[in-house]
Amino acid sequence: MQKRKQWVLLTLLLLATLAAGAIFWCDRAIDRAARGRLYSRPDQVPYNKTGLLLGTAKYLANGHVNPYYRYRIEAAVQLAKAEKIKHLVISGDNSRHDYNEPELMRADLVAAGVDSAHIFLDYAGFRTFDSIVRLREIFGQRSATIISQPFHNERAIYLATREGIAAVGFNARDVGARSGIRIKAREKLARVKVFVDYLTGTEPRFLGEKIVLP
């Protein structure tokens with residue numbers, strides 16, 4: 001019985017070590033892919049015809065506005081007003097009739113002065129992976145400026161590189177460590193999932209008809 005317990009403990013220890021190693025390796029690989037490609041000031045960002053704004057929920061469970069959402073809207077407005085992009089693709093979740101990230105984001109962008117004629121909506125950006133693949137397959141873009149928080153931009157840039165898109169990231173203001181600790185922990189697992197998706201040949205949930213950006 002004692003030997004069996006020791007064997008179980010050793011097995012658990014080995015699995016925990018492998019899991020920790022995988023998380024560390026995936027995290028470092030994605031960090032490296034984004035080095036030198038993240039910007040926090042509009043005047044420093046190279047021009048791209050298209051910006052990709054990654055969606056998130058506008059409201060938290062407590063009814064307050066999600067700071068990740070607010071800061072991404074602010075960043076997209078800055079980039080548009082600095083004329084560092086011509087078009088803006090908003091890619092988010094619209095999986096329910098009562099939940100529509102792209103429409104809410106467009107409304108707030110237009111209210112902030114962004115020309116609606118240059119905004120295009122991707123209603124099937126259920127995951128960052130889907131958003132990146134659809135940017136190429138549906139919207140026909142081979143280069144883009146991705147707009148989100150720094151940690152999210154890093155992962156999106158890695159995905160874009162894998163999908164043949166030359167991407168840079170414009171960093172929206174991040175959320176304080178205390179408020180964002182759960183998000184950051186989830187991000188570590190999301191980075192592992194990136195590699196699992198490619199190993200298993202995952203495809204976006206939906207593709208559909210192409211949309212031509214003028």
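Among contacts in this chain between residues at least 6 apart in sequence, 74% join residues at least 24 apart. Keep in mind that this is a predicted model. The chain has six helices and six strands, and reading along the sequence gives the pattern α-β-β-α-β-α-β-α-β-α-β-α.

**Overall numbers**

- The C-alpha trace spans about 70 × 40 × 40 Å along its principal axes.
- Of the 214 residues in the chain, 45% count as buried.
- The accessible surface comes to about 11,800 Å², and carbon and sulfur atoms own 58% of that.

**Strand 3 and its partners**

- Strand 3 covers residues 85-91, and six of its seven residues are buried, so the rest of the structure largely encloses this strand.
- On one pairing, strand 3 runs parallel to strand 2 (residues 48-54), with six bridges joining them. Asn 48 has Ile 85 of strand 3 as its bridge partner.
- To get from strand 2 to strand 3, the chain goes through helix 2 (residues 67-81), and this β-α-β crossover is right-handed.
- Strand 3 also pairs with strand 4 (residues 119-122), again in the parallel sense, over four bridges. Here Ile 90 stands opposite Leu 121 of strand 4.
- Helix 3 (residues 101-111) sits between strand 3 and strand 4 in a β-α-β unit, and that unit is right-handed too.

**Nonpolar cores**

- The largest nonpolar core holds 26 residues. Those with the most contacts inside this core are Leu 52, Val 89, Ile 132, Leu 135, Phe 139, Ile 146 and Phe 195.
- Elements giving two or more residues to this core are helix 1 (2-34), strand 2, helix 4 (128-137), strand 5 (143-148), helix 5 (150-162) and helix 6 (177-200). Helix 5 gives the most, with five residues.
- Take Ile 146 as a worked case: leaving out residues up to four places away in sequence, its contacts include Leu 52, Leu 54 and Ile 132. The list for Ile 146 also includes Asn 153, Ala 156, Ile 157 and Ala 160, as well as Ala 167, Val 168, Gly 169 and Phe 170.
- Apart from that core lies another one, of 25 residues, among them Tyr 39, Tyr 68, Leu 121 and Phe 170.

- Thr 50 belongs to strand 2. Its relative accessibility is 0%, so Thr 50 counts as buried.
- Leaving aside neighbours within four places in sequence, Thr 50 is in contact with Ile 85, His 87 and Val 89, among others.
- Ala 80 is in helix 2. With a relative accessible area of 23%, Ala 80 is partly exposed, because the buried class takes in values under 20%.
- Ala 80 and Gly 51 are 29 residues apart along the chain, and their C-alpha atoms are separated by 8.7 Å.
- Not counting residues up to four places away in sequence, Ala 80 touches Ile 85 and Val 114.

Methods
Residues numbered from 1 in each chain as written. Predicted model: local features only at pLDDT ≥ 70, side-chain atom pairs only at ≥ 80, totals over all residues. Heavy atoms only, no water. Buried < 20%, exposed > 50% of the residue type's maximum accessible area, 1.4 Å probe, protein only. Pairing = 2+ DSSP bridges. Right-handed = clockwise from strand over helix to strand, strands pointing away. Core = buried A, V, L, I, M, F, W, Y, C linked by side-chain atoms within 4.5 Å. Contact = heavy atoms within 4.5 Å. Areas by Shrake-Rupley, 256 points an atom, 1.4 Å probe, with all protein chains shown as cover.
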